[in-house]
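Please look over the model below with its ligand in place.

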Amino acid sequence: MTERTFSIIKPDATKRNLTGKINAVIEESGLRIVAQRRIRMTQEEAEDFYDVHRERPFYGELVEFMISEPVVVQVLQGDNAVARYREVMGATNPAQAADGTIRKLFALSVGENSVHGSDSVDNAKIEIAQFFDEADIVG
Ligand code: CMP
């Protein structure tokens with residue numbers, strides 16, 4: 001079933017000029033990039049985005065990292081896009097990520113892990129709505 005998921009190309013990746021290489025892996029997987037914008041996240045946006053992790057010990061570090069350099073926010077569309085993109089990204093910790101995944105190819109550590117992808121269809125809708133108007137998504 002056709003779905004949408006939300007993706008972020010994170011600061012460690014934009015800083016190393018990896019946007020195009022990551023987009024190539026996404027497109028080769030069959031997912032379509034139906035909206036994309038390069039932004040500098042504000043502290044408030046990053047805090048809201050990662051609100052579920054507010055009590056975690058790495059929360060402050062995570063927010064600081066996400067505002068340290070530009071990011072690319074994206075909407076990806078395709079068959080089972082949420083689960084499919086999680087496969088394409090690989091495990092959160094790049095040391096555990098499968099060969100050929102974005103995190104195995106490019107991530108530096110569990111924090112500097114190059115990409116974010118929604119973990120459910122419901123969260124995808126919430127995350128997409130934080131950064132995109134429906135009119136800016138061209139499927
Ligand atoms: P993401 O999919 O963006 O969702 C939450 C993020 O928290 C996760 O990717 C990691 O980048 C980050 N994260 C998870 N565990 C740790 C950790 N132990 N230290 C720092 N960052 C972490």
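The questions and answers below begin with the ligand and then turn to a strand.

This is a predicted model, in which local features need pLDDT of at least 70 and side-chain atom pairs count only at pLDDT 80 or more, while totals for chains, interfaces and linings use all residues. Residues are numbered from 1 along each chain as its sequence is written, and side-chain values use heavy atoms, with hydrogens and water left out.

Q: How far is the polar side-chain atom of K10 from an oxygen atom of the ligand?
A: A polar contact here is a pair of N or O atoms within 3.5 Å. A polar backbone atom of V110 lies 3.0 Å from a ligand oxygen, and a backbone N or O atom of G111 lies 3.4 Å from one. For the polar side-chain atom of K10, the distance to a ligand oxygen is 2.8 Å.

Q: Is R37 buried, partly exposed or exposed?
A: Buried means under 20% relative accessible area, exposed over 50%, and partly exposed in between, with a 1.4 Å probe and protein chains only. R37 is found in strand β2, residues 32–39, where a strand is a DSSP run (E) of at least two residues, numbered from the N terminus. Because its relative accessibility is 34%, R37 counts as partly exposed.

How values were computed
Polar contact = N/O pair within 3.5 Å; in protein donor to acceptor, adjacent residues only side chain to side chain. Helix = DSSP H or I, 4+ residues; strand = E, 2+ residues; numbered from the N terminus.
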